[in-house]
Amino acid sequence: MQIRITPFTVHKRFALNISRGSHSQNINIWVSVEQDGITGWGEATPFSTGGKGQKTGEIVAALEQIVPILYPLSPLEGQKIRATLAKSGLSLPSAVQAALDMAFYDWLGKSVGLPLWQLWGLDRQQMPSTSVTVGISSPEAAQERLRHWLELTPVHYLKVKLGSPEGIEADLAMLNALLQVVPEGCKVYVDANGGWNLNEAITMAQTLKKWGIEYIEQPLPPGQEQDLAQLYEKSPLPIFVDESCYTRTDIPVLADRIHGINIKLMKAGGLSEAMAMIHTARACGLQVMLGCYSDSSLSNTAAAHLGPLVDYLDLDSHLNLIDDPFIGATLENSRLMLNTQPGLGVIRHDG
């Protein structure tokens, strides 16, 4: 099979500010896998998660290393591909694994003429609404960002980034301002991106419960998972983890101190691992969210094919891009609706 690697830059309409910093653009990598006249597409998105980030350069370098290794193989030979890569001794970034896995699934769907959701026997009408995100900012700027979202789509779920470097007082001021303009019926949850310590997280959980917040995502920094047990006992709100949970092996050890997980294709390593994580989480009695980084419509559409299996979707990054080169799932009344085209159902703007 032939593998092509094409970096592309995407720019955000509104920079996203979280506890770890601000992001206004990203250089992602478009991966094409071609064989027998069929081409499958995948995307590798660099990301930062506090010590475990993956940069564009290392992703491209890893992809270039595996092109000749995978050349003799077929996209249908998944087991042999995994064995060959393991034998190579290469330590592949999870974003590289995600791009390849995505491309192989796209190729498979196109080869049999069916979309992934149909191959998996899923009901696309069971797709949850996607949340939209407001990053850390001043109270006034947060209100303005929400107004821009409301111009684009009805908002049924709102994710608010907290963990401000200015402390929980700044978090509460911004959130209070947002709640004044949140549409009736809209559910709100918060994501601290590991920006609180244990005492702050306990205090915030108690306050946010009174304010009607649904749940808290990643309240504590990764590496402090032992403190989640105490927070679990004292928090009146459900606790989800993101940066503390990469793959299925992370789930059982966290299951007694959390209520849910946020799965992202880039940190999981693709659709195959994401599916395994969903089943593992369900076996542990946990809820599941699908999230994203600075992904284009390519990755977010791929993730949306798993949407009917989860409780929450947070696949809004492509909606904030000025120059998304892809077209995939379409936004309909806050839901990312999948089409009936084979594979991922994604095309480029230029056709």
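Where is the place of I66? I66 sits in helix α1, residues 56-70. Helices here are DSSP runs of H or I with at least four residues, strands are E runs of at least two, and both are numbered from the N terminus.

A quick word on the model. This is a predicted model, where local features need pLDDT of at least 70, side-chain atom pairs count only at pLDDT 80 or more, and totals for chains, interfaces and linings use all residues. Residues are numbered from 1 along each chain as its sequence is written, and side-chain values use heavy atoms, with hydrogens and water left out.

Back to I66. I66 counts as buried because its relative accessibility is 0%; buried means under 20% relative accessible area, with a 1.4 Å probe and protein chains only. Leaving aside residues up to four places away in sequence, I66 touches L85, L90, L92, V96 and L100. Contact means heavy atoms within 4.5 Å. E151 is 85 residues from I66 along the chain, and their C-alpha atoms are separated by 44 Å.

Now the sheet. Eight strands form an open sheet with parallel pairing, in the order β4-β5-β6-β7-β8-β9-β10-β11. Strands pair if DSSP finds at least two bridges between them. β4 (132-134) and β11 (312-313) are at the edges; each has a single partner strand, so one side of each lacks a neighbour in the sheet.

Look at β6 (residues 187-191) and β7 (residues 216-217). They pair in the parallel sense over two bridges. V190 stands opposite I216 in β7.

Last, a helix on the sheet. Helix α6 (residues 168-179) packs there, touching β4, β5 (157-161) and β6. Its direction makes about 160° with that of β5. Axes are lines fitted to C-alpha atoms, for helices over the stretch in contact, and angles run from 0 to 180 degrees between N-to-C directions.

Key:
Buried means under 20% relative accessible area, exposed over 50%, partly exposed in between (1.4 Å probe, protein chains only).
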